[in-house]
Amino acid sequence: MEETNKPLKIDDIMSLLDTANKTLETKVDLPSVPEKVVLSPLNAFHTKNIIKSAASGLFADYQFIIVLYNIFKEVVKFPLDKLNVVDKQVLLLNLRS
């Protein structure tokens, strides 16, 4: 008897995606934080917003900063108010790689 695959429910699919994203997380050493900070990978939505902010014209610099802050809120598993400028630069370099 042949076994057929049952269609997955949306909750099952989301669970599989969350599990896959957990394997892509990296732990980053930051200068001012004693423990390692967990950093999730960028997704397509993040990349699209970065590209859009580069083409925003007159306020491109400010738009880029706002977009990066919102991305940091989603991908950095650490309170952002505890990070300094150097920490955020290290995080940006890690996201870029």
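Reader: How far from D87 is the nearest side chain of opposite charge?
Author: It is K88, 8.3 Å away. D87 is buried and has no salt bridge. Keep in mind that this is a predicted model.

Reader: Which side chain makes a polar contact with D87?
Author: S32 does. The two side chains are joined by a polar contact of 2.3 Å.

Reader: What else is D87 in contact with, leaving aside neighbours within four places in sequence?
Author: The list is L30, P31, S32 and V33. So S32 turns up there too, because contact means heavy atoms within 4.5 Å.

Reader: And where is D87 found?
Author: In helix 4, which covers residues 85–96.

Reader: Switching topic. Which residues make the nonpolar surface patch?
Author: L8, I10, I13, M14, L16 and L17. The patch is about 580 Å².

Reader: Take I13. What is its relative accessible area?
Author: It is 34%, so I13 is partly exposed. Patch members need over 30%, and I13 has 34%. I13 sits in helix 1, residues 10–24.

Reader: Now E74. Which helix does E74 lie in?
Author: Helix 3, residues 60–75.

Reader: Is E74 buried or partly exposed?
Author: Partly exposed, because its relative accessible area is 45%.

Reader: How far apart are E74 and H46 in space?
Author: The C-alpha to C-alpha distance is 9.6 Å. In sequence, E74 and H46 are 28 residues apart.

How values were computed
Residues numbered from 1 in each chain as written. Predicted model: local features only at pLDDT ≥ 70, side-chain atom pairs only at ≥ 80, totals over all residues. Heavy atoms only, no water. Patch = residues over 30% accessible without salt bridge, like charges linked within 9 Å, V, L, I, M, F, W, Y side chains within 5 Å. Areas by Shrake-Rupley, 256 points an atom, 1.4 Å probe, with all protein chains shown as cover. Salt bridge = Lys/Arg side-chain N within 4 Å of Asp/Glu carboxyl O. Helix = DSSP H or I, 4+ residues; strand = E, 2+ residues; numbered from the N terminus. Buried < 20%, exposed > 50% of the residue type's maximum accessible area, 1.4 Å probe, protein only. Lys, Arg positive; Asp, Glu negative; His and termini not counted. Polar contact = N/O pair within 3.5 Å; in protein donor to acceptor, adjacent residues only side chain to side chain.
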